[in-house]
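Here is a walk through one protein chain, written for someone who would rather look at side chains than at tables. Keep the viewer open as you read.

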Amino acid sequence: MSVTNRLLITKSLVNFTKNLRPVQRNLSSVRFTSQKQRNYVKYMLVVGGGVTAYMFANYIKNKSNRHEALNLKRMKREEENLVKLTARERRFIKFSSVEYDGQLYMTPQDFLDSVVEQEPRPRLKRKVLTEQEVAKIKDITPPLKKGSNQLFRTLRDKGIISYTEYLFLLSVLTKPKSGFRIAFNMFDTDGNQRVDKNEFLVMERIFSGAWKDKRGKNKTDDDATDENKNPNEDEEKEEDNYIDDEEGLQRKHKVDTTLQIHLFGKKGDKDLYYEGFYKFMDNLQTEVLELEFTEFSKGNKAITEVDFAKILLRYTYLDTEEYDSFLERLLDRVKDEQGITFDEFRDFCRFLNNLDDFSIAMRMYTLADRAISKDEFSRAVKICTGYTLSRHLIDTVFAIFDQDGDGLLSYKEFIAIMKDRLHRGFKSVGKSEGWEAFKSCIKQDLKHNK
């Protein structure tokens with residue numbers, strides 16, 4: 001080989017190497033989806049030359065960028081949808097640990113956790129149930145006559161609860177005993193003093209319909225504009241297993257849930273009478289209260305007065321300073337700790353379920369909105385609920401909420417705080433973010449700077 005040819009080859013190699021440098025720099029920013037793509041680019045660098053590899057690398061980079069843009073768009077859309085959800089919808093999604101055919105469900109344990117815990121139990125992902133597992137629920141779920149205040153704790157994760165049933169069970173927890181009859185009559189659409197499965201499902205559809213109306217999904221754009229659709233289309237929709245939505249909350253499956261099996265039997269042919277309905281609701285209230293009580297009692301027969309205060313204040317929108325002031329006031333005033341028994345705790349929670357009646361009674365009783373004494377408080381509770389709260393329990397309540405220490409209670413402030421407790425944080429919009437949070441902060445600053 002001549003000297004001239006050798007010089008030309010050397011110069012070509014140098015130029016080729018220089019051309020590779022920008023290609024290599026460009027490749028460093030490319031996110032390959034497989035090792036095969038990376039090896040192919042390296043091969044093209046050697047065989048096809050820098051220009052071809054550069055073009056292919058740019059193609060891969062642009063494809064990767066488009067993929068990332070679509071992911072960002074999808075994430076943004078999911079965030080926007082999440083903002084539109086109500087507090088109950090978000091909480092149901094958060095605590096639901098199982099899924100079947102695209103529909104989210106709570107287990108009985110999920111439901112209990114959702115009403116007594118701030119966060120769900122740690123899990124890697126939702127469990128996807130098989131047809132066999134769903135069918136097995138029928139064999140595990142006990143009939144209504146074998147119901148107890150241990151039902152949900154016994155079933156644990158061996159059951160499914162739909163979103164509309166979740167709303168129903170939440171309402172059960174806040175109903176006074178006088179409201180049980182009203183709730184039953186709402187289900188008893190034909191007035192024959194018993195409820196069948198179809199009547200129960202009608203009320204569930206009302207829950208679903210109200211949810212769709214609120215979100216504006218009763219009528220789609222296609223429904224509004226398509227004048228030539230199949231006249232049998234509505235009938236076909238009725239026969240579908242579910243109605244689709246974005247969050248998997250409102251699909252009406254032809255699946256028997258734990259609640260349906262428990263109330264109406266494995267075949268769904270049992271009628272529900274008021275006595276059974278009343279017992280179920282009373283058992284559920286007792287079970288949740290026992291769960292809360294044992295969380296603090298740690299196996300003891302009573303909880304401390306401070307623990308009682310913590311249970312009452314756990315769902316309220318008090319800021320940290322206000323919350324601490326309630327506990328400090330209680331500690332200063334309770335010199336001889338006797339503890340609060342479960343019976344006392346349950347009686348007080350039953351009173352809270354009658355809070356609206358108590359509020360009306362106090363407005364009529366005081367007229368001038370003046371503070372009330374312990375005797376007046378005790379008498380009003382007795383009139384509204386039929387229960388007589390123990391003297392020690394009333395002393396503890398006043399030690400928590402009597403700000404001035406004059407033996408009188410501002411019932412308006414007391415009722416406002418207790419409504420948050422009663423509805424477990426769902427009564428009103430929280431002030432932890434957005435404009436409401438900003439206004440709340442400003443009010444707090446103005447109050448402290450006075």
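## Where helices 19 and 20 meet

Start with the spot where Lys-374, Asp-375, Phe-377 and Ser-378 of helix 19 meet Arg-391, Ile-394, Asp-395, Val-397 and Phe-398 of helix 20. A contact here means heavy atoms within 4.5 Å. Helices (H or I, at least four residues) and strands (E, at least two) are DSSP runs, numbered from the N terminus. Two packed helices are described by the angle between their axes and the distance between the axes. For helix 19 (residues 374–385) and helix 20 (residues 391–401), that comes to an angle of about 120°, with the axes 11 Å apart. The axes are lines fitted to C-alpha atoms, for helices over the stretch in contact, and the angles run from 0 to 180 degrees between N-to-C directions. Helix 19 passes helix 20 in a right-handed crossing; a crossing is left-handed if the near helix is turned anticlockwise from the far one by less than a right angle, and right-handed if clockwise.

How many of the eleven residues of helix 20 are buried? Nine of them are, which leaves helix 20 mostly covered. Buried means under 20% relative accessible area, exposed over 50%, and partly exposed in between (1.4 Å probe, protein chains only). The buried set in helix 20 includes His-392, Leu-393, Thr-396 and Ile-400. Among the elements covering these buried residues are helix 15 (305–313), helix 16 (320–333), helix 17 (342–353), helix 19 and helix 21 (411–422).

## What kind of model this is

The model is predicted: local features need pLDDT of at least 70, side-chain atom pairs count only at pLDDT 80 or more, and totals for chains, interfaces and linings use all residues. Residues are numbered from 1 along each chain as its sequence is written, and side-chain values use heavy atoms, with hydrogens and water left out.

Zooming out, the chain has 22 helices and seven strands, and buried residues make up 41% of its 450 residues. Take the contacts between residues at least 6 apart in sequence: 72% of them join residues at least 24 apart. The accessible surface comes to about 26600 Å², with 52% of it belonging to carbon and sulfur atoms; the areas come from the Shrake-Rupley method with a 1.4 Å probe, and for residues only the protein chains shown count as cover.

Now for the aromatics. Rings of Phe, Tyr and Trp (its six-membered ring) pair if their centres lie within 6.5 Å; planes under 30 degrees apart count as stacked, over 60 as edge-to-face and the rest as tilted. By that rule there are 27 aromatic pairs. Phe-92 and Tyr-166 are a tilted pair, because their ring centres are 5.4 Å apart and their planes sit at 50°. This pair ties together distant parts of the chain, with Phe-92 in helix 4 (residues 87–95) and Tyr-166 in helix 8 (residues 163–173), 74 residues apart. Both Phe-92 and Tyr-166 are buried. Tyr-166 also pairs edge-to-face with Phe-111, at 6.2 Å centre to centre and 80° between the planes. Phe-111 belongs to helix 5 (residues 108–116), 55 residues from Tyr-166. At 0% relative accessibility, Phe-111 counts as buried, and Tyr-166 likewise has 0%.

Why is helix 8 described as largely enclosed by the rest of the structure? Because ten of its eleven residues are buried, including Glu-165 and Phe-168. Phe-168 is also part of one aromatic cluster, along with Phe-180, Phe-184, Phe-187, Phe-200, Phe-264, Tyr-274, Phe-277 and Tyr-278.

## Arginines and a buried glutamine

The charged end of Arg-181 sits over the ring of Tyr-274, 3.7 Å from its centre. The charged end of Arg-329 sits over the ring of Phe-326, 4.8 Å from its centre. To count, NZ of Lys or CZ of Arg must be within 6 Å of the ring centre and within 35 degrees of the ring normal.

Back in helix 5, you'll find Gln-109, which is buried with a relative accessible area of 11%. Leaving out residues up to four places away in sequence, Gln-109 touches Arg-121, Arg-156 and Asp-157.

## Two loops with positive phi

Most residues other than glycine have a negative phi. Asp-101 has a positive phi, near 55°; look for Asp-101 in the loop between strand 1 (98–100) and strand 2 (103–105). Gln-193 has a positive phi too, about 70°, and lies in the loop between helix 9 (177–187) and strand 4 (194–195). Asp-101 is partly exposed at 41% relative accessibility, and Gln-193 is partly exposed at 46%.
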